[in-house]
Amino acid sequence: MEMEKNGDGEEEICTKVKICSDTRIDFVIHRRLLGHEGFAGTAAPSKIKLVYQDEEAFYHDYGKYFSMKYPQIEVEVIPEVQVLKNLGNMIRADEYEAEVKKLLEKADVDVYMLDSGMYEQFAADGKLYDIGEVIGQDGYNVEEFMPGLIDSIKSLGNGKPYGLTPQISVRALYYNTKLFKENQIDPPTHKMTWQEVLQLAARFSNVKQGNNPIHGMYYSYGDAGTVMFDIADSSGLKLFDPKGEKVLINSDSWKKAIRLATDAMRSEAVYFAPEEQIYPSENDFYNGQAAMTIGTTPITGFVRNNEVPVDWEVVTFPIEPGYESIGVSLYSLFAVSANSPNKRAAWEFVKFTSGTEMAHARSRTMSGAMPSRTGYLKEFKGKSMEAFYMLNVKQSDRLWGNIPEFEFYRLFNKTLEVELQAVIDNKKSVDEAAAALEIKGQEILSKLHEETKRRQ
């Protein structure tokens, strides 16, 4: 343990910790001698409870760091894995979510870890504590977060900040630099539109490596509907009206998304992996047979496996003119329970997990998501990570609104697949397909509302 001076001339204790995961790194955590931030002093001995995957995962991800800075705060972990035991082998997404919600409500936790959907619901139900005031009291730095992220979190809580997130999942456009250079095609750049990207992908439709075709845009799963929804999301489109009572797909903006997606399929600009191709080693982008692909954090095979010869770069996710925002996936929003008797200790935990020390640790380990704070993950394996932080986070104007996405899509998907294929095959116009989709979508939406009323 060493004494050092920091940039402000204050003494710090530097404690070197060995982190054991897939790789071993040395991480230096600084503890200020002036006391912990916030609440005008050191947190008193206390105990907080939260639900997490299991105790081992919690201490690997957060617990060991937190206990070093706050040894006086004990954390009791209630394992979420017990939900799987309750559900058995066959699990539906909506059933799992319902069981997790029951566990959270029964556990009487001090700190919630929620995805964006459950966070929004808990905030509306008054189960979360408004941390806006203590953020100001502590002078807690929220300016470093990805542009628009705090506003997006506030939009989930009717304008109030009830929680923070240490990590985000952001999509971007990866490309194979060798394939573009060999075929004398200019590579993609930041903030290209979907139309520009798909036109670029179409230029590879006749390119081969030996007997193997090169795919312009590769998706590891999905169909034409996947591309359509990606385009719609980039355009800020909504599938339903604000009240969730009317399907809006028969509009000029949605028709543009349908047209771009079906044109791309017809020109073979986009290729989807077969359903049986489930292993990462079979991914055509990893294997150098695709020029571009959409991906999230660069931790998958084409980055970590040194034997894979793909030389890649990454640019921003495609945008639409005048709408340079991107949706981010929030799976770990930490929030203080409104009913917690240990709000101060719970806030210290929330504050720490989304603070600068954890951002630094996450940027070094790259364990599956990006740090929510900017400036900590500037590059990875020599590649710039600027693309992931360049666009503003859009507010909670989600494509699906408040309609249960899983259930609607399950019922709507077959019709969507048939109608889009009819357009691809030139058997229907975009106008005809959009009209048919709106009629069928409206039927499904009305049915879901009726079922919801019967359950109440």
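Predicted model: local features only at pLDDT ≥ 70, side-chain atom pairs only at ≥ 80, totals over all residues.
**Exercise 1. The surroundings of helix α9**

Find out how many residues of α9 are buried, and what they pack against.

*Solution.* Start by counting: 10 of the 11 residues of α9 are buried, so the helix is mostly covered, taking buried as under 20% relative accessible area. Next, name them: Ala224, Gly225, Thr226, Val227, Met228, Phe229, Asp230, Ile231, Ala232 and Ser234. Then look at the neighbours. These buried residues pack against helices α8 (194-202), α10 and α14, and also against β12 (215-219) and β13 (270-272).

**Exercise 2. Two helices that meet α14**

Describe how α9 and α10 each pack on α14, giving the angle and the residues in contact.

*Solution.* Take α9 and α14 to begin with. Their axes come within 9 Å and cross at roughly 100 degrees. The two helices are therefore roughly perpendicular to each other. On the α9 side you will find Ala224, Gly225, Met228 and Phe229, which meet Tyr409, Leu416, Leu420 and Ile424 of α14. Sorted by class, this contact has seven nonpolar residues, one polar and no charged ones.

Now turn to α10 (residues 252-266) and α14 (residues 405-424). Here the packing angle is about 65 degrees, and the axes lie 9 Å apart. The crossing of α10 and α14 is right-handed. From α10, Ile258, Thr262, Met265 and Arg266 take part, and from α14, Leu420, Val423 and Ile424. The contact of α10 with α14 has five nonpolar residues, one polar and one charged.

**Exercise 3. Aromatic rings and the α1–α12 crossing**

Locate the aromatic pair of Phe229 and Tyr409, and decide whether each residue is buried or partly exposed. Then work out which residues join α1 to α12.

*Solution.* A search of the whole structure gives 23 aromatic pairs. One of them is Phe229 with Tyr409, an edge-to-face pair with 6.0 Å from centre to centre and 65 degrees between the planes. The pair ties together distant parts of the chain, as Phe229 sits in α9 and Tyr409 in α14, 180 residues apart. Phe229 has a relative accessible area of 9% and is buried, while Tyr409, with 25%, is partly exposed.

The crossing is right-handed. Phe58, Tyr62, Tyr65, Phe66 and Lys69 of α1 make the contact with Glu348, Phe349, Phe352 and Thr353 of α12. Six of these residues are nonpolar, one is polar and two are charged.

Finally, check the rings. Ring pairs link Tyr52, Phe58, Tyr59, Tyr62, Phe66, Tyr70, Phe334, Phe349 and Phe352 into a cluster.

Note on methods
Residues numbered from 1 in each chain as written. Heavy atoms only, no water. Axes fitted to C-alpha atoms, helices over the stretch in contact; angles between N-to-C directions. Helix = DSSP H or I, 4+ residues; strand = E, 2+ residues; numbered from the N terminus. Left-handed = near helix turned anticlockwise from the far one by under 90°. Contact = heavy atoms within 4.5 Å. Nonpolar A, V, L, I, M, F, W, Y, C, P; charged D, E, K, R; others polar. Phe/Tyr/Trp six-rings, centres within 6.5 Å; stacked < 30°, edge-to-face > 60°. Buried < 20%, exposed > 50% of the residue type's maximum accessible area, 1.4 Å probe, protein only. Parallel < 35°, antiparallel > 145°, perpendicular 65-115°, else oblique.
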